[in-house]
Amino acid sequence: MVALLFFIGCFGFILYPTLYSAEDYEKEYPLQLDNEVLRICNESNIDYRKSLYASALYDITDEPSTTQRNHQQHQPQPAPQQPPSNGTEPMIYFVTPTYPRREQIAEIIRLGQTLMHVPRLHWIVADDTDSCSDTLNKHIRKFGIPYTQLASPMPELYRVRKNAPRGVANRRAALNWIRQNQKKTGVLYFGDDDNTFDLKLFSEIRTTRKVSMFPVGLIGDYAISSPIVRNGRVEGFFDSWPAKRKWPVDMAGFAVSLEYLALSPNATMPFKAGYEEDEFLKSIGLKMGDIEPKARNCTEILVWHTQTKSSKSPTVRISMDRQKLDKLNLGALLRQLESMGVNHISDSAGTTAQAIVNGSVKPLSFWFS
């Protein structure tokens with residue numbers, strides 16, 4: 001394949017491969033597809049933020065007593081502070097796929113105000129559009145976060161499909177930007193603009209050596225997607241959509257070190273709706289033993305797949321002694337979700353809870369038989 005490289009002012013370049021074959025779209029390519037576009041619209045490597053970093057190293061304890069609350073109401077409560085970055089921590093490359101819609105700017109503002117509190121972060125915002133949006137850039141730039149704005153439209157062949165693989169072109173563009181800029185140290189994380197993030201997540205993923213994983217709330221029929229952890233090791237997955245996936249995780253449920261990613265120069269994400277995470281993790285040669293469980297051995301939810309829509313809390317059926325689940329992370333995790341009203345657990349109704357191990361569906365009793 002031949003590609004032409006055009007430079008555009010001081011903002012970057014646009015990459016247009018010249019050859020085209022319709023049947024090629026049905027294949028999976030390790031790098032650029034025939035009509036993929038990567039356009040760098042705007043970039044800044046300067047951190048203009050002031051000392052706004054809130055602590056990501058605190059724990060939420062039990063609710064104080066009434067007497068304590070009454071006393072605290074009359075006492076000034078200083079905000080928890082995190083020491084300013086000394087510039088030596090691993091950089092987090094936070095990739096956000098987005099697309100033009102009514103809620104786009106509102107969600108970018110909400111996400112940007114979270115990321116303002118995270119030191120040593122480079123925000124890659126990849127927009128599913130042919131042209132660069134000045135409005136989007138205006139709102140990204142005002143946060144003072146080092147950033148790159150990309151225009152990375154979905155190829156038209158995929159756009160017209162009933163189940164279009166949204167966000168894939170965006171994330172592929174970000175992966176290519178990382179390669180072209182030879183970013184080989186730091187941590188890669190895919191964070192959608194409509195997700196909700198606990199600041200603690202960023203301090204957790206920053207230490208990722210290979211691939212870290214953690215629960216994501218408000219996913220599927222269980223209202224949770226999580227690794228299953230025993231004795232500090234990931235042994236399976238708790239996800240309501242197995243679909244013969246070896247790695248049934250949500251896009252927001254893992255982070256990858258760039259050192260580990262660099263070992264797989266052809267790693268990519270296919271235009272295959274529902275299998276983006278699975279195929280990407282396969283392409284980097286992930287093994288179960290490589291996974292580092294975060295969020296207190298996957299008993300905490302530090303990221304939520306909130307989306308801008310409302311859904312009824314699902315009922316999850318678990319027809320076994322739930323106390324046994326305390327030997328796994330699921331006991332504490334499910335109790336936490338129930339206490340929040342995120343889902344409901346029943347022994348006789350709802351979607352039957354199952355686990356996935358090496359792509360095969362197993363009952364939760366699998367660990368206790």
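This is a predicted model: local features need pLDDT of at least 70, side-chain atom pairs count only at pLDDT 80 or more; totals for chains, interfaces and linings use all residues.
Phe237 sits in strand S12, residues 233-238. Its relative accessible area is 0%, so Phe237 is buried. Val357 lies 120 residues from Phe237 along the chain, yet their C-alpha atoms are separated by 6.6 Å.

**Stop 1: the cores**

Go to Phe254, Phe280 and Ile284. Within the largest nonpolar core, which has 41 residues, these three touch the most other members. Then colour helix H5, residues 168-180. H5 gives the most to this core: 7 residues.

Keep Phe280 selected and show what surrounds it. Leaving aside residues up to four places away in sequence, Phe280 touches Leu175, Leu188, Phe190, Phe254, Val256, Leu261, Thr268, Met269 and Pro270.

**Stop 2: the disulfide**

How many disulfides does the structure hold? The structure holds 1. Select Cys41 and Cys132 to see the pair, with sulfur atoms 2.0 Å apart. The link is a covalent bond, as in any disulfide between two cysteines. Check the torsion about the S-S bond of Cys41 and Cys132: it is about -80°, so this disulfide is left-handed.

Trace the chain from each end of the bond. Cys41 is in strand S3, while Cys132 is in the loop between S5 and H3. The two are 91 residues apart, and the pair links distant parts of the chain.

Buried or partly exposed: how do Cys41 and Cys132 count? Cys41 has 5% relative accessibility, so it counts as buried. Cys132 has 24%, so it counts as partly exposed.

**Stop 3: helix H3**

Select residues 134-141, which form helix H3. Show the side chains of Leu136, Asn137, His139 and Ile140; these residues are buried. Why do they fall on the same side of H3? Because they cover an arc of only 165° around the axis.

Next, colour what the buried residues of H3 pack against. Their partners are these elements:

- strand S3, 38-44
- strand S4, 92-98
- helix H2, 104-115
- strand S5, 121-127
- strand S6, 147-151

Now centre on His139, found in helix H3. With a relative accessible area of 15%, His139 is buried. Its side chain makes a polar contact with the side chain of Lys142, at 3.1 Å. His139 touches both, with residues up to four places away in sequence not counted.

**Stop 4: Asp194**

Where does Asp194 lie? Asp194 lies in the loop between strand S7 (187-190) and strand S8 (196-197). Its relative accessibility is 14%, so Asp194 counts as buried.

Display the residues in contact with Asp194. Not counting residues up to four places away in sequence, Asp194 touches Glu107, Arg110, Thr306, Gln307 and Thr308.

Conventions: Residues are numbered from 1 along each chain as its sequence is written. Side-chain values use heavy atoms; hydrogens and water are left out. Buried means under 20% relative accessible area, exposed over 50%, partly exposed in between (1.4 Å probe, protein chains only). Helices (H or I, at least four residues) and strands (E, at least two) are DSSP runs, numbered from the N terminus. The arc is that of the directions from the helix axis to the C-beta atoms. Contact means heavy atoms within 4.5 Å. A polar contact is a pair of N or O atoms within 3.5 Å; within protein, one must be able to donate a hydrogen and the other to accept it, and residues adjacent in sequence count only if both atoms are side-chain atoms. A disulfide is a pair of cysteine sulfur atoms within 2.5 Å. A nonpolar core is a set of buried Ala, Val, Leu, Ile, Met, Phe, Trp, Tyr and Cys residues joined through side-chain atoms within 4.5 Å.
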